[in-house]
Amino acid sequence: MRECLGVNLTTMQLPSAARSVVVNLETAAKIAEAVDEKKPCITKNLTVRGKINGGNAAHVFMDVPVGVSVGELIEKAGGIDGVYGEIIMGGAFTGKSTELDAPITKTTGGILVTIEFPDLHGANVGLLVCACGGSEERMREIAQKMNGKVVSVCRCKQAIENKPGAPLKCLRPGNCPGQVKNNMQFKKDKCEYIIIGNCSDCSNTVMASGPKMGLKVFHQTDHVMRTVGHALYRTLRVSKQVDQLPNGK
């Protein structure tokens, strides 16, 4: 709304407050099917990608019946290539881990099979929870899968919780206030690693001070980005990406 119409909504407002409706491409197509063909939403278009036999190219499946298992679609794409880290239903930022026998739903857009997680060998971990990425629960799951010990949790000061337990909303998306204070707290709590889930701008502010304090940064999307060959979320500079794993690679 802000970028297209110049309207800065509050965290409690829906796009209707700007006299607008926001839909993705598939939703628009499904609306047309419902109106023109009287067809209910019983199929999905989705992508399977990642640690799949034959390479990590995207496998797009059209009009898949809702209820088909995740495992069936992965097999159609070629099957899992050896040992993997996890299977994600959804995207790298806000998707959730799933199992092979889980059914796809009308909101499923993608299935990602990732490489194995790095092993932090019980190192102390801090979580920086942001409205851009996964929930604290999801970040704790990632820390556990990396064999890390969560000793500190901070929240971006622009991440607003409108209702107890509700998903966080960003007060000013794309305009990060900086994360020095949170990094200082992680350092005080004796964290060796921090897990973040921020957008590129907020990740940039983390990297401006975190590594200087000796904090090693792992973005919650790292295992996905490494799987598909995408640049890691660290800084806004694209000329060099610094990968901080336990083995130093």
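Buried means under 20% relative accessible area, exposed over 50% and partly exposed in between, with a 1.4 Å probe and protein chains only. The model is predicted, so local features need pLDDT of at least 70 and side-chain atom pairs count only at pLDDT 80 or more, while totals for chains, interfaces and linings use all residues. Residues are numbered from 1 along each chain as its sequence is written, and side-chain values use heavy atoms, with hydrogens and water left out.

Helix α4 spans residues 136-145. Helices (H or I, at least four residues) and strands (E, at least two) are DSSP runs, numbered from the N terminus. The buried residues of α4 are Arg 138, Met 139, Ile 142 and Ala 143. Seen down the helix axis, they fall within an arc of 140°, so they line one face of α4. The arc is that of the directions from the helix axis to the C-beta atoms. Glu 137 and Gln 144 are exposed on the face turned away from the buried side. Just after α4, Asn 147 takes a positive phi of about 60°.

Ala 92 sits in the loop between β3 (87-89) and β4 (96-98). Its relative accessible area is 15%, so Ala 92 is buried. Beyond neighbours within four places in sequence, Ala 92 is in contact (heavy atoms within 4.5 Å) with Leu 112, Gln 220, Thr 221, Val 224 and Met 225. Ser 69 is 23 residues from Ala 92 along the chain, and their C-alpha atoms are separated by 20 Å.

Val 21 lies in the loop between α1 (2-5) and α2 (25-36). Val 21 is exposed, with a relative accessible area of 74%.
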